[in-house]
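Hello! Here is the structure I promised to pass on to you. Have a look at it first, and then read my notes below.

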Amino acid sequence: MPALAVDAATPVAHAFASCDAAARFPAPPVVGPAAAETAPWSADLSAALYNVDGWGAPYFFVNDDGDVAVRPHGAATLPGQEIDLAKVVAKAAGPRAGGGLGLPLPLLVRFPDVLRHRVETLNAAFGYAVRSTGYGSRYQGVYPVKCNQDRYVVEDIVEFGAPFGFGLEAGSKPELLLAMSCLAARGNPDALLICNGYKDDGYVSLALMARSMGLNTVIVLEQEEELDIVVDASRRLGVRPVVGMRAKLRTKHAGHFGSTSGEKGKFGLNAAQILSVVTKLRAIAMLDCLQLLHFHIGSQIPTTALLSDGVGEAAQIYCELARLGADMRVIDVGGGLGIDYDGTHSAQTDMSVAYSLEEYAAAVVAAVGRVCDRKGVQHPIICSESGRALVSHHSVLVFEAFSATAPGRLDAATAYLLDELTDDCRADYRNVMTAAVRGDYDTCGLYADQLKRRSAEQFKEGVLGLEHLAAVDAFCELVARGMGAPEPPRTYHINLSVFTSLPDMWAIGQQFPIIPIQRLQERPAVHGVLSDLTCDSDGKVSEFIGGRHSLPLHELPTHATRGYYLGMFLGGAYQEALGGLHNLFGGPSVVRVSQCDGPHCFAVTRAAAGPSCADVLRAMQHEPEVMYEVLKQRTDGATAAALARAFGAMPYLVFDPEAAVLSSGEGSGMNSDSEGSAAGAAEEEDDEEWEFMRGLTV
C-alpha cells in the first residue's frame with residue numbers, strides 16, 4: 001500500500017461535502033467519441049446505435065418521431081403505409097374509455113402482412129433461381145409448424161402459400177392433426193404434407209388417413225425400423241403410402257445449431273440403412289413408394305459454401321436412389337435458412353448468416369441441378385422447411401421497464417457519517433482525499449478499495465452500522481465516477497418472464513434485438529441490463545447483439561408516470577412454443593395488426609388478453625373454482641369480489657392507468673391500462689364475484 005497515511009486524529013475538511021466529484025477529480029479534455037456527448041441527437045443516430053437498418057431491414061426502421069415503425073410489405077411498402085409500433089401499443093394497451101382495448105402488457109404484436117411478404121419473398125427467390133438457371137423442375141416448400149403452432153400463423157401461411165402449392169411439415173400427432181385440418185380447409189391440393197419425427201402405429205395410421213383424404217402426404221422414415229410400421233399399417237388400412245427417407249449426411253456445421261447434423265446426428269439413416277430400406281421395399285414390390293429424400297444440415301447454416309456442400313452430398317444420394325429403382329421425385333433440403341439477428345451479415349457466430357435469401361435459393365438450386373446433370377437424373381422438385389426465416393420477423397414482443405436501480409448518492413446529510421468510522425477506516429478515507437487532491441488516481445483507487453473492504457468486514461463484526469456502510473459505498477462510487485470510471489450498468493426491472501417469453505435467450509444464449517420502441521430522438525444516456533419478474537437469478541438479459549454487455553437506455557419517467565416500452569424483435573420462431581410457466585407467469589396478450597388505409601395506417605383484426613392467474617393455475621392441475629370457494633368462506637362480500645378479480649387478472653404487474661403516459665410527451669399518446677383484463681367491464685360489478693373469472697378473452 002502506498003505510504004500516504006495521515007494522522008487519523010487530525011481533522012480534515014470534507015473533500016466531498018458538496019458531492020461534486022468534478023471538484024476533486026478534474027475531467028480530462030473531451031476528445032474522440034466522448035466529444036459527441038455534447039452534439040445534438042437524432043432518430044437516425046439511434047437507428048445506427050442499435051443497428052436497426054442491419055437486423056431490421058426491410059421491415060423495421062426508426063421514424064422521424066423517434067418511434068420504431070414497421071414496413072408491412074417490406075421494401076414494397078408505400079409512403080403512408082408504415083405502421084408506428086408505439087401507436088399500436090397505445091391502441092392495444094390504452095384504457096377502454098379512451099378508445100383503447102385495455103389489454104395488459106406484455107404484448108405480442110403480430111403483423112400478418114409481414115408473414116405474407118415472407119412467404120411470397122421465399123417463393124419468389126426460388127422461382128427466380130429456377131428460371132435463371134434453367135432448372136428442370138420447380139420449388140414447392142413447406143412450413144414446419146414446430147416453429148410456431150399458433151392457429152392464425154399456420155392458417156395465414158397456408159392461405160398465403162396456396163398460390164405456390166406451399167404445404168406443412170409435422171413432427172408429432174397433434175401437429176399432424178392441425179396440419180391435416182388446415183390443409184384440408186385452406187390448402188392447395190398439391191401442397192405437400194411432410195410427416196417427420198419418430199413414429200408409432202398411431203402416427204403412421206393418421207398419416208395414411210390423411211392420404212386417403214386426398215392430402216399429398218409423405219411419411220419420412222427417421223429410423224429403419226419405422227418401415228415395418230408403415231408397411232403393416234398400409235396393408236391394414238388399404239392405403240398405398242408415399243415414403244421418404246431422412247439421410248444422415250457427413251456434412252456438418254460447427255455452430256450450436258449444427259448438432260443435429262453429421263454422422264452422429266440425432267436423426268436419419270446412414271448409407272447402410274438406406275440400402276437396407278431399398279432392399280426391403282424391392283422385396284415387397286413397394287420400391288415405387290419411395291419418392292422423397294430428406295436431410296437437414298442444421299439451423300442457421302452460416303454460409304452458402306457449407307450449404308452447397310451438404311446439398312451436393314444429398315443430391316448424390318438422391319441420384320443413387322433413382323439408379324437403384326426408386327421412383328424419386330422430391331429432394332427436401334430441410335431447414336437451415338438463417339436469420340441475421342445482429343445485422344452483421346457474417347458467418348462468425350450463430351447470430352448471423354453471410355448470405356441473402358436470394359443467395360440461399362440460388363445455391364440450393366445450383367447444387368441440385370449440377371449433380372443431377374452430371375448423373376443424368378431428371379431434376380426433382382425442391383422442397384425446403386424454412387420455418388425460422390418465415391415467421392421470425394412477423395411478431396414483436398413489447399414489454400415495460402417499470403423501475404431501475406439508481407446510482408449511489410452522497411449528500412451533506414450522510415457525509416458526516418464518514419467521520420464516525422473507526423480510526424483505520426477514517427485513515428483510508430483521508431488518504432483517498434489526499435490522493436485525489438494530488439491527482440494520483442491510481443493511489444486513490446487503491447485506498448478506496450481498501451476502505452470498502454475494511455468497512456464491510458467491520459460491519460460483519462458489528463462495529464459499523466448500516467448507515468455507515470451505505471455512506472462508504474456511496475463515497476466509493478463517487479470516487480470512481482470522479483476518476484472517470486464508467487458507471488456500472490443499471491438494472492432495469494421489466495414486466496416480463498424471460499423463461500416464458502424468451503426461453504432461447506435463457507437456455508442456449510440466443511440473442512434477439514431488444515431496443516426501446518420510442519424516445520429514439522433522445523440520446524440514450526444510461527447503460528442497463530434487464531431483470532425480469534421471476535425469482536431466479538437466470539431471469540435476466542445481460543448479453544446483447546453487437547457483443548454488448550449492456551443496452552443503451554433512457555432515464556425512466558418520473559415516479560408519477562409509466563410507459564418506458566422496449567421491443568424484442570425477430571422472435572416469431574420457437575419462443576412461444578418453448579416458453580414455460582416459471583413462477584406461473586403465462587404468455588403475453590396478443591394483437592393482430594394489418595395495414596389499412598385508415599388514419600393510423602393499421603387495423604387491429606384480433607385481440608386476446610394473455611392467460612389469467614386461473615388459466616396458469618389450471619395448467620398445473622389446480623382447480624381455481626375450488627380454490628376460490630375455499631377462500632370465499634373466510635371473507636366478506638367485498639373481499640370475495642377482490643379475490644375473484646385476482647383469479648381473473650394476468651399474473652404480471654399492473655399500474656395506475658391514469659398515470660400511464662409516454663414520457664416523451666403528448667406526441668405518441670401511448671399509455672397502458674393498469675387493470676388490463678379483457679374482463680375489465682365485469683370487474684366493476686363487485687356482486688358478480690365468480691363471474692370475474694369468466695369471459696377473459698377479447
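**What I found**

Cys601 sits in the loop that runs between strand E20 (589-595) and strand E21 (602-608). Please keep in mind that this is a predicted model. Cys601 has a positive phi of about 70°, although it is not a glycine. Is Cys601 buried or exposed? Its relative accessibility is 14%, so Cys601 counts as buried, the cut-off being under 20%.

Gln621 also has a positive phi, near 70°, and is a residue other than glycine. You will find Gln621 in the loop between helix H21 (613-619) and helix H22 (624-632). With a relative accessible area of 68%, Gln621 is exposed.

Next, two cis peptide bonds to look up. One joins Ala57 and Pro58, with omega about 0°, and Pro58 lies in the loop between helix H3 (52-55) and strand E1 (60-62). Another runs from Leu105 to Pro106, with omega near 5°; Pro106 is in the loop between helix H4 (85-93) and strand E4 (107-110).

Then there is Lys146, where UniProt, in an unreviewed entry, places the feature "modified residue: N6-(pyridoxal phosphate)lysine". Lys146 belongs to the loop between strand E5 (142-144) and helix H6 (151-161). Lys146 is partly exposed, at 43% relative accessible area.

Finally, a helix pair: H15 (residues 423-438) packs with H16 (residues 441-460) at an angle of about 160°, their axes 8 Å apart. That angle makes H15 roughly antiparallel to H16. Their contact has nine nonpolar, five polar and three charged residues.

Enjoy exploring!

How values were computed. Residues are numbered from 1 along each chain as its sequence is written. This is a predicted model: local features need pLDDT of at least 70, side-chain atom pairs count only at pLDDT 80 or more; totals for chains, interfaces and linings use all residues. Side-chain values use heavy atoms; hydrogens and water are left out. UniProt positions are given in the numbering used here, feature names are shortened, and annotations may be inferred rather than shown by experiment. Helices (H or I, at least four residues) and strands (E, at least two) are DSSP runs, numbered from the N terminus. Buried means under 20% relative accessible area, exposed over 50%, partly exposed in between (1.4 Å probe, protein chains only). Axes are lines fitted to C-alpha atoms, for helices over the stretch in contact, and angles run from 0 to 180 degrees between N-to-C directions. Angles under 35 degrees count as roughly parallel, over 145 as roughly antiparallel, 65 to 115 as roughly perpendicular and the rest as oblique. Ala, Val, Leu, Ile, Met, Phe, Trp, Tyr, Cys and Pro count as nonpolar, Asp, Glu, Lys and Arg as charged, and the others, Gly among them, as polar.
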